Every structure is written in structure tokens, then in C-alpha cells.
Amino acid sequence: MPSDLVVRPARPAAGWALLSSELSVLFRRRRTWAMLAALAAIPILIAVAVRLSSSPPAAGEGPPFLDRVTQNGLFVGITALVVSIPLFLPLTVGVVAGDTIAGEASLGTLRYLLVGPAGRVRLLFVKYAGAAAFCLAATMTVMLAGALIGAALFPVGPVTLLSGDTVAVAESAVRALLVAAYVTVSLLGLSAIGLFISTLTEVPVGAMAATIVLSVVAQVLDSLSQLDWLHPWLFSHYWLGFADLLRQPISWASFGDNAALQAAYVLVFGALAYGRFVTKDVLT
Amino acid sequence: MTRTWQRWLPALVVPTLIGAGALVNASQAGATVDLPDRTAAQVLAMIGESSVDALSGTLEQTSDLGLPELPTEATGAGGGTGTGGAALELLTGSHTARVYLDGPSRLRVQVLDTLAERDAIRNEREIWLYSSADNAATHIVAPADQAPADESADRTTDEQTMPGHVGTPAEVAEELLAAIDPSTRVTVGTDTVVAGRSAYELVLTPRTTQTLVGSVSIAVDSETGLPLSVAVTARGQDEPAFRIAFTQIDLSTPPAARFEFTPPPGATVTELVPDLPSAIPESGIPGSTTLLGIGRPTVSGSGWDAVVEMPLGLAATVLTDSPLLEQLTHATAGGRVLESALITVLVTDDGRILVGPVPPERLLAAAGTR
């Protein structure tokens with residue numbers, strides 16, 4: 001995965017060269033690897049803990065799907081995603097997205113990346129594409145690490161969906177990839193918010209913290225029933241809706257709603273980031 | 001300066017466009033259509049003539065009964081509160097369910113919860129209940145004689161209302177209207193769109209002011225006569241207190257596999273043998289109501305302000321000891337009252353329960369007269 005993204009066929013156009021250099025810088029950083037390793041540790045910890053515990057978890061105990069893990073190792077990835085969606089994934093995405101512009105500004109490398117106003121727009125696109133690529137890498141890391149450790153420690157067989165129907169291993173792999181795609185899309189809105197905040201400051205830690213705090217605030221607001229008119233507008237509202245892909249037949253409604261909502265966030269905060277970044281005085 | 005202003009333009013335009021798009025979308029959801037005018041009797045007859053026997057659709061149910069927010073553990077499906085908890089859970093908050101129907105004897109309902117699902121599947125005489133949260137399935141084989149009774153239940157409503165005489169749906173509708181006219185005003189409201197289908201709106205308004213119910217409105221599909229939504233509005237409120245509506249509907253026959261259920265490996269399977277024709281599977285032991293000493297209900301009043309009274313016996317102590325009831329009700333002279341937008345419940349200190357769509361004063365009066 002990460003390596004695939006780096007060796008994307010580069011056209012001579014400067015945009016693609018910039019993108020491939022951005023991706024290779026991002027995925028060569030030790031911090032990126034440390035975060036991906038921490039994410040991969042989540043399913044491994046879950047699987048090892050369940051394997052070592054003397055009594056298998058009862059139905060309804062612990063995080064959702066935990067009781068299914070002992071019957072079918074393929075659920076480890078899904079359980080790990082449920083666990084990491086509220087905090088770990090937004091945390092890592094916030095770090096990457098918050099660092100995009102502010103990181104370059106604090107290092108003093110931003111002015112060298114910019115030639116003219118067109119260069120700024122291109123840089124924004126490239127930076128956002130890098131953050132989006134990290135979203136995909138982070139989700140796939142959790143999912144793949146979960147599938148691998150689950151297959152190593154537990155039996156693998158037909159998967160029971162939420163509706164009580166069972167599907168074969170091949171179809172369950174397709175469903176797992178769909179879930180990973182859903183979670184990746186879910187994080188795109190947060191990445192756009194991080195990109196915008198990153199244009200506001202030259203202190204990358206501040207932008208990272210603000211992005212992560214926003215993701216927590218959105219989830220807290222989402223749990224207050226007094227604000228239910230606001231809920232469909234919160235970027236975290238559909239985060240756990242990936243369960244709709246584990247029903248029989250698949251319910252695509254939440255996938256569509258989620259994609260539309262995230263697209264709106266990307267457009268709004270992309271436009272804000274554009275407004276801020278092209279008018280920003282980066283040379284002083 | 002102008003250039004700066006121009007560069008912030010997208011940041012202004014994009015949110016405005018998205019906001020406008022969302023508004024247009026929302027207003028289209030309640031768009032009005034102009035259907036040929038029909039009288040209330042004609043719309044009622046359409047329901048009677050409805051021949052939809054296969055569909056797959058998504059139902060959305062919302063309740064705003066003005067009940068206090070309940071902790072989810074107390075109301076959750078897997079919670080220890082049993083039937084009462086599950087029933088309360090349906091009365092608060094909102095639910096989405098998918099419904100598949102093929103003929104009178106094949107039905108599947110999926111209640112879509114967050115990260116979980118509850119299924120009820122009926123395939124001829126086989127009935128399965130499945131909950132993914134606790135991975136438990138319940139199997140019931142319906143008695144053979146029950147199936148045909150169910151099969152004709154929908155079709156024979158007209159025969160039941162008028163024994164010995166089978167009228168056309170139009171005649172039945174006229175007679176039904178005449179029968180309920182003293183208590184209810186039936187009108188045809190504005191034409192609406194429900195789940196993308198144009199529909200007539202049948203509005204039932206109680207003539208009495210002694211009830212909490214303001215109006216009941218039923219959207220009837222203009223093509224097939226299938227009721228698409230039911231909304232109950234409390235007196236003096238604009239938004240429905242209870243609403244169940246299709247958000248998406250497809251009238252083609254669902255695939256047969258949808259009605260086949262095999263409990264997944266690892267699930268706990270409970271076999272239930274219904275020895276009473278009307279056994280409710282969830283209540284656990286059939287006949288438990290008689291064990292607890294719950295008597296036969298008596299009804300005082302009729303129509304919209306009817307009050308149902310039931311001696312509770314032993315169940316009263318179970319109810320009054322429940323902390324959930326403590327939380328929901330408030331004390332009044334002679335008992336505890338649960339007030340909601342549509343229904344009032346009074347549990348008296350001498351072990352009776354009174355329920356009715358009426359203000360609490362009427363319940364207290366009904367309790368006192370006995």
C-alpha cells in the first residue's frame with residue numbers, strides 16, 4: 001500500500017512530481033511509521049488478549065463483535081476499527097492533516113515550495129492528497145493487521161453478518177474492504193478541517209491539537225440528544241455507520257449520506273483553506 | 001484589496017451553495033403534488049382495494065412523546081428489563097427498519113440499530129427472531145391452523161365489520177365513515193409525497209376535546225392504495241408525536257432467499273412452542289399474566305377518550321418497585337402518573353393501572369368512580 005502510492009506513475013507535469021515527492025516524504029517519516037505501527041498494534045492487542053483469556057467473551061460483552069472473534073478471526077479487523085474510530089484514527093489523521101501547511105511553515109520550507117498563486121493552489125491539493133492517502137493507509141493498516149493476526153490465532157470461516165445470514169470468506173473480504181473504504185471516506189472531512197487549521201498557524205502542534213479536539217467535540221455533541229437537529233451536520237455523525245455494510249442486503253443509504261456529508265466538509269474547508277492560504281503572507 | 005476579497009469568494013460561495021442545496025433538498029422531501037380530488041370515502045376505499053402483497057422498503061419511526069430521556073442500558077434490547085424495556089425503547093427516540101414482504105405468509109423485518117440488528121423472519125409456518133447484539137435466535141413454529149387465518153386477515157376486514165354481507169370496498173368505506181362520524185371528522189388533507197410516491201392524506205380529527213390526540217394522518221399511495229405513513233399529532237402541537245413512514249419503497253417481489261434463515265454457527269437458539277394461539281414470544285412463559293394475577297381489562301368511555309383499566313395484582317408491586325417507573329412518573333393523589341404527549345398512565349396505590357389518551361385528571365376521575 002504505502003509503497004504503491006509512492007511509485008504512482010509520475011507524469012512530467014509538476015503537480016504529479018510534487019505529489020509523489022509529498023507522498024514519499026510523508027511515508028518515509030519515522031513519525032508516520034510510528035503512528036501506523038501504533039494503529040496496527042490495536043488489533044494485535046485485541047486478538048492476543050482474547051486468545052490468552054481463559055473464558056471467551058460472552059455475547060454483548062466488550063466492544064461490538066468481540067464475542068465473534070473467537071469463532072472467526074476475520075472479525076478482529078472490524079472490532080479494532082470500532083475501537084479506533086472514536087479516538088485513535090482521528091488522532092493520527094489530525095497529526096498528519098494539522099502538519100500539512102504549518103509544518104512546512106515552521107521549518108521555513110514553505111516559501112521554497114511556492115512560486116506563484118497557482119503554485120499555492122497546487123500545493124494545497126497535493127498536501128490534501130497526502131493527508132487523504134494517510135487516511136487510507138491508516139484504515140487499511142488496522143484492517144489488514146486485524147485480518148492477519150485473526151487468521152493466525154483463530155479459525156477462519158464463513159462470516160456471520162448482523163442480519164444473522166452467513167457469507168463465504170471471499171465475500172467477507174469484499175465487505176471488509178468496503179468497510180475500510182467507508183472509514184477512509186469518513187476521515188476525509190476531518191482531514192480538510194485539519195488542512196484549513198494548518199493554514200492558520202505556523203505552529204504545527206497547535207493545528208494538530210485543534211483538529212483532534214474538534215473531532216472529540218463533534219463526537220460529544222453527537223451524543224447529546226438535545227442537539228439532535230445538529231447531528232446530521234456533524235462530520236462524525238456517520239462514523240459508526242459502516243455497520244450498514246455488514247447487513248444482508250447491504251444498506252447503502254448511510255454510505256451515500258456519509259460520502260455527501262464528507263464531500264460538503266471537504267468543499268467548505270477546502271474553500272476556506274484556499275481563501276486563507278492564497279492571501280497569506282508566507283514570505284516574511 | 002480587491003484581489004484579497006476575490007480569493008475569499010469561494011469560501012463564501014461554497015457554504016452558501018451547499019446550504020441552499022440542503023434547503024432545496026429538504027423542501028423537496030415535503031413537496032406537494034396535485035392529484036385528482038377524491039373524497040374521504042374514496043380514499044378509504046382505495047385502502048380496501050389495495051392489492052399490494054409484495055414489497056421491500058425502509059421504514060422510519062420517530063417518537064417525540066415528551067418522555068424524559070432514558071439511559072440506554074435501561075431501554076436497550078439486550079437489557080434485563082424484558083418486554084417492558086423493549087416497548088419503552090420503541091416509544092423513545094427513532095428507529096429505522098427494513099421490511100420485506102412476499103404474500104401474506106412471508107415477511108422479514110430488520111430493525112437497524114447502531115452496530116447491531118434485530119431480525120424477525122416469517123416463512124410460512126417458520127418464525128425466527130434474531131438479535132445480533134447477543135447473537136441469540138428464537139425459533140417458533142406456528143400452529144398449522146393459524147397460518148390460513150392470518151392469510152385472510154387483511155382481506156376479510158370488510159366481512160368482519162359486517163357479518164353475513166360482503167360489500168365492495170367503496171360500500172364498506174361509506175359505512176365505516178358513517179359509523180365513526182359521531183366521534184371523528186375524516187377529511188382529505190393536502191396531497192403529499194412519501195418515499196417518492198404521491199399520496200393522498202387522510203386526516204382523522206377527534207370531535208371530543210377530552211383527548212390528548214390532536215389528529216391522526218395517514219398517507220395513502222395514490223396508485224396502489226397502500227398506506228405509506230401514519231402520524232399521530234398531539235393536541236396543540238405542530239410536529240407529530242409519533243410517526244412511522246416509508247422512506248423508500250419498492251413494490252417488486254423480494255428474492256426468496258430473504259425469507260430463509262438458518263441460525264448462524266455459535267448462536268444460542270431457543271425453541272418456543274406456542275401453546276396459546278396469541279402467545280407473544282417475548283413474554284417468556286406463556287400465561288405469565290395469569291400467574292401474576294393481572295385481571296381482565298375494563299374499558300370506560302368510547303372512542304378517543306376511552307380509558308382502559310386493569311387490576312394489576314402482583315404485577316403492581318413489580319411495577320412500583322422498578323426504578324425506571326420511579327424515574328418516569330410523578331406522584332399524585334392515589335397513585336403515580338406517567339404523562340406523555342399522547343398517552344397518560346396511572347398506577348393507583350391499590351394496584352390498578354389505567355391507560356388512556358386523555359389528560360391525567362380524567363384518569364384520576366375514572367379511577368375514583370370505581
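Trainee: Which side chains meet in a salt bridge, and what N to O distance separates them?

Mentor: A salt bridge is a side-chain nitrogen of Lys or Arg within 4 Å of a carboxyl oxygen of Asp or Glu. Here B:Arg108 and A:Asp165 form one, at 3.0 Å from N to O, and the count between chain A and chain B is two. This is a predicted model, in which local features need pLDDT of at least 70 and side-chain atom pairs count only at pLDDT 80 or more, whereas totals for chains, interfaces and linings use all residues. Side-chain values use heavy atoms, with hydrogens and water left out, residues are numbered from 1 along each chain as its sequence is written, and chains are lettered from A in the order in which they are written.

Trainee: How many residues does each chain bring to the contact?

Mentor: Contact means heavy atoms within 4.5 Å, and by that reading chain A gives 35 residues and chain B gives 33.

Trainee: What area is buried between chain A and chain B?

Mentor: Buried area is the accessible area (1.4 Å probe) that two parts lose on being put together, summed over both. For chain A and chain B the value is about 2,500 Å², with 62% coming from carbon and sulfur atoms. A:Leu162, A:Arg247 and A:Pro249 supply 18% of the area that chain A buries against chain B, more than any other three residues.

Trainee: How many residue pairs are in polar contact between the chains?

Mentor: A polar contact is a pair of N or O atoms within 3.5 Å; within protein, one must be able to donate a hydrogen and the other to accept it, and residues adjacent in sequence count only if both atoms are side-chain atoms. Between chain A and chain B there are eleven such residue pairs, both residues being at pLDDT 80 or more.
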